[in-house]
Structure formats: C-alpha cells, structure tokens
Protein chains: 2
Amino acid sequence: MSETATICRSLVLSRRPEGEPRPGDFSLRETPLPEPGEGEVLTRTLLLSVDPYQRRRISGPPSSEPLLALGAVMVGESVGQVLASGDAEFRPGDIVVGSRGWQTHSVSAARQLTKIDTAAAPLGAWLGVLGMPGTTAYSGMRDIGQPQPGETVVVSAAAGAVGSVAGQLAKRAGCRVVGVAGGPDKCMWVQETLGFDDCVDHRSGDFADALGEACPLGIDVYFENVGGIVQEAAFARLNRHARVVMCGMIAQYNEKELPPGPNLGFVVSRRVRIEGMIVADQPERLVEWRALAAPWVRDGSLRHRETLIDGLERAPEALRQVLRGGNFGKMLVRLARAE
Amino acid sequence: MSETATICRSLVLSRRPEGEPRPGDFSLRETPLPEPGEGEVLTRTLLLSVDPYQRRRISGPPSSEPLLALGAVMVGESVGQVLASGDAEFRPGDIVVGSRGWQTHSVSAARQLTKIDTAAAPLGAWLGVLGMPGTTAYSGMRDIGQPQPGETVVVSAAAGAVGSVAGQLAKRAGCRVVGVAGGPDKCMWVQETLGFDDCVDHRSGDFADALGEACPLGIDVYFENVGGIVQEAAFARLNRHARVVMCGMIAQYNEKELPPGPNLGFVVSRRVRIEGMIVADQPERLVEWRALAAPWVRDGSLRHRETLIDGLERAPEALRQVLRGGNFGKMLVRLARAE
C-alpha cells in the first residue's frame, strides 16, 4: 500500500485547545507526496510518539519553545521507514527516528534523522526507553537527582515513559525507590515488574499518609513529572539536602489558570535544591544513554512497556489519554508496519 | 564597672511570640557571675548580633534547628571581651566572637570562641560584613548564584547585612546588580554608597513593573532574603538557567500560617535552579571569607554599615525592627564598650 501512496496525510493544528485536547482541535490535510531533494530523505511514518510536552506546544503560556502556529503540522518524534533518499547515508527500507510530526509521510533533512538498529530493540523502544523519555530520566537523575546508595527516591508518574526509567535507574544506584502512580494496576506493575520497592496510588484517599509510610526515612530525591497533590505530598517529606528533578507537571498542562504552589520556606530550612530540565538542552545525553541502555534493554534488565493506539486520526485522543494517565509506559500511535 | 560586676544579666525566652516578637516574650534573669573552669573562658558582652533567623528559633515551625526551650537564654552571636580565662589561648582583654547569647556575661568553651583582630576592622564588622551575614552572602553567591560577567543579579533586602554584601560581590563579578529595598533612603544608599546599578523600592505601588524596567534583560541570579511580593516579582522575570539563592524569607517569619507560593511550572520551562542554604553547614566558608574580605573592608572597597541600639533590654525591640526592615546594614545591640 504505502509504496504506491501518492498522498501525504497530516494532522494540522486548527484550533488552540482549552482544557483537554479534542479531535476537533486538529484537522486532516492531504497533500501530494513530496519528493526528496539533495540531502533529503522521504520516509513514511510507522509510529508516532505521544508525549505530555506536546500539550504545551499547542496552547497555554509558551513553555520552553513558542506555541506551534495554527495550520502547522503537529510536532512530535516518530519512527519511519525510508522510501526514497537523496542522501548517501540512507537507503530505502532503513528505519529511522526523528522529529517528523503527525503525518503519514515526511521529507526531512538527512542530518535530522537517526538510523536505528532494529535488531537491538523493538521499534517503539526507540521512542520510549531508548528515546527522548528514557534520556530525560537519565539526564535528570545523572545531572540533578544524583541518587546515592541507601537514599530514598520518589518518582511520580512512575508507570509513565520517563518515570519507569527514572525509578529503575535509582534502583541501579542502590536506593529505596517509591513510585507514585494512578490506580492499582499501574502500582502493581511498577512494583512487581519494574522492581520499585513500593508504589503509592495517588487516587487513594489517604495518599499523602501512604506516601509518608512508604518513605519512613523521608525523601532524598524527588523526580517530579506531575505537580499538584503529588508534589505537595512529596515536598512535605523532603529531607535536608534533598534534590528535586523538575521534569514536568502534567497535572496542570490542560489548565488555563495555574494554581498556586508551595510556600518555599522549606527550601531554605532544609537546604533543598529544586532544578528544572529540558532534555533537548543536552543532545549529547541521547547518544550516551542509547549506548548505556541498549544492552540493558536487550538483556531484559531495563523493563519497558508501550501502549499502542492505531491510526493517525487517533493521535489527538492518544494525547488526551497521556495527559489523563491513560497510558502504561510509552504512548505510541501506529500508522503502518515496517516492510 | 564591668570588672566589678558580680551578676550576669540574661534575657530568657518566657513565651513563644505570636506575630512580632515583643519585650514580654523575654524576661530578665540575674545569676551570679560564673567562674571559668579548665578550658573555659569568662567574657563580658560588648555587642549582640541581631539576625532574622533568630525569630525562627523562638516560635513557628522548627526551621534548621529545633525551637529554643522556654526558660533558655536567647541564642545569638556576639562580640565579647575576656575577663578571666582557663585556657592558654585567651587572656583577659582579648576581644572574641562566638555564639554567646543575649546576656551580659558568658562562660564558653574556649574552642567555641574566635579571637578577632581589632585593628583589621571595627568590632561590629565581625558580626556583620566579616561575620555570619557576610559569609552567608559569600557562600550563597559562590556555591549557588555563581554570577557571570554581564548577567543581571537581583538582591532582595539589599540594604541588609547579607544583601549589601551579596550585591557588592555580584558587582565584583562584573554583573548588572539591582537591589530591592524598603523606602527611598535605603534605595539611595544601596545605589550610591554600595554601588549597585539600580535599586527598586518594594513599598512603591508599581514595584513589579519597576523591577522589570530595572532588569531589561531579565534576571539570571536572584538572591532571596525576603519572600512575598518581592519573590513573586523576581521569579516572574527569571531567565532560562537562572539560579535562585534561597537564603531567607524574612517577610513571613512572623506569620503563623504560611501563604502559598509560586506555581513551579516555570522551573521546568526555564530550567531554573532554586537552592536553599544555611551558612552553618559549611563552617570553613567563614574562615575563607574573612581572609578574602578583611582587606576589602580595610581598603574601603567593601562597604558596610551598622544600626546600633543600646542596652540588653532592647534586644527584643531590635529583633522586631530587623524583621520590619528597620535596620540599615547590620543590626547590633551594644551592651558595653571595650576597655
């Protein structure tokens, strides 16, 4: 089918969402399949990566980058397969990863694509555990969290693509690792499959007390993905000289008005360090992380999981789900299979 | 007079203050003058240091140390003169600094006192610019703020004992330095005497806008001493990769209920580092700082100022004043003159 396709289908931003993103915020655009020029590569999309940061690109206050223009193709990482190449390094059939957006086909500059080793890990892993989310966890723990043996590390959104890796890294560092996740199924997976020491359900009524019980010696590193009540409960239990990796605050990405945050008096008295990060600031970490983690994925010691939704038109729904915590591990949208 | 004194007068905590500390929160206790034992030194107090952190030792949630017990002598640094010594390193007449509390005399372990060079700087300087507050400014800028040439540095409580030094250090580092202080007299002193590039009055109605105008390129380092509206205005203008030295939040030290703080979403998007510090954690910094700064005090290139109140019984009033911003530079209470 795809070899004979002559049309590229794209989802473009047609309206800035208020609250949860809805299908009507995007519209389908069909354009003739472009031809790759010199140094360019035509690919068809196999898998789209769906990540919480994407919500911040389409409405609300600009975050790390300006808002996406109305009418532009929705941004995002994806895995694709080369159909035609104007660059000597890529050949038809190669599998690549890159920032290719929500569309069935894309012409990219060759230097913006990375060829991946399909024998090393399943395709989806290159967008999750071995992609941007895994690198985010690595970078945050390496540069900010710096967990030491015996310390207590709490990871929010522990069943998500970033949190699942962050917690496993803290386990490798010899820490007591406590996850926070939504619902008993995720908590069980985090504890039994990922090997966290404990996992607390933030939907349970006594969440703050339960987190306290799971961290009898307090919290030395908090890896923040969600904000809201989870942040409040974790901050209340931070030890002296604790580090907070500020990676994301998913709980508020659909909000128009941001709620107030914590009074920061404790930062002084407990000498806490709270530090924000954006993985794209240090592109070299991606290369480092893939070299480090690919063997762990291969030998099964670094666990990962994907949630797969089929069809380009369902990408907005996938984004809504990922903001609701409707994903186990990495959220992916499948557009086609490799051939 | 003091040579013949046989009574030690102390202010002890008699009631936990609610809101501003009042004279009735302390009571005067008279005890016979103690004799120094082996390895101990009897001193009479010349100057008491009055510092915002003292408020946090007497009521409210415990901060870096537990609350002072009711009936105990109020804690604090002071300068004293040796009357009698059971230690070979100290002789009558020596001037010392140490944590001797709010009392006219004290017997201290010799190792808890430091002899000071009275020719190098005026006595009060050893409690201010060359004491704990100066070291706090040094340590916070050295270890957390790390101001780089050309960056914009904002210092709150800029006319205080810590802020005045913090800003001068940032000037030495080649930064644009903007102070925040209460009232036109302080702002003028900060700008004209301390040499800050600008100083904004937080009591003026358009404070937040004025701070923005004073920082046209945003803020790279914020040295936080006060909290409240100053924190809010400064945080709103932090640049990417900004550092916040969390040294104190004086504005809320009299509060029973802490107000909410900032939503921390910006920490992620702007990759901000917010870090708390307590100078006592690194006692080696005091020695470093004194060696570095004593020549600057001597040659007049590091400016300082003291606000002096006379009489032990007025120490609670001095503490109340320092929390209201009633001090220029270092707040001191004079009990006696050196002889």
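Predicted model: local features only at pLDDT ≥ 70, side-chain atom pairs only at ≥ 80, totals over all residues.

User: Why are α2(B) and α8(B) called roughly perpendicular?

Analyst: Look at the angle. The axes of α2 (residues 132–145) and α8 (residues 284–298) of chain B cross at roughly 95° and come within 9 Å. Axes are lines fitted to C-alpha atoms, for helices over the stretch in contact, and angles run from 0 to 180 degrees between N-to-C directions. The label covers 65 to 115 degrees (under 35 is roughly parallel, over 145 roughly antiparallel, the rest oblique), so these two helices are roughly perpendicular.

User: Which residues of α2(B) and α8(B) meet?

Analyst: From α2(B) there are B:Gly134, B:Thr135, B:Tyr138 and B:Ser139, and they meet B:Arg285, B:Leu286, B:Trp289 and B:Ala293 of α8(B). Contact here takes C-beta atoms, placed from the backbone, within 7 Å.

User: What makes A:Arg271 partly exposed?

Analyst: A:Arg271 has 19 C-beta neighbours inside 10 Å. Buried takes 20 or more other C-beta atoms within 10 Å, exposed takes 12 or fewer, and partly exposed is in between, so A:Arg271 counts as partly exposed. You'll find A:Arg271 in the loop between α7 (265–269) and β13 (273–276) of chain A, with a positive phi near 50°.

User: And why is B:Gln146 partly exposed?

Analyst: B:Gln146 has 15 other C-beta atoms within 10 Å, so the label is again partly exposed. B:Gln146 sits in the loop between α2 and β8 (152–156) of chain B, and its phi is positive too, near 45°. Most residues other than glycine have a negative phi.

User: What makes β10 of chain A and β10 of chain B edge strands?

Analyst: In an open sheet of twelve strands with mixed pairing, β10 (198–201) of chain A and β10 (198–201) of chain B each pair on one side only. Pairing takes at least two bridges found by DSSP.

User: How do you know that β12 and β13(A) pair in chain A?

Analyst: Strand β12 (residues 238–246) of chain A and β13(A) share four bridges in the parallel sense. For one of them, A:Val245 has A:Glu275 as its bridge partner.

Key:
Residues numbered from 1 in each chain as written. Chains lettered and ligands numbered in written order. Contact = placed C-beta atoms within 7 Å.
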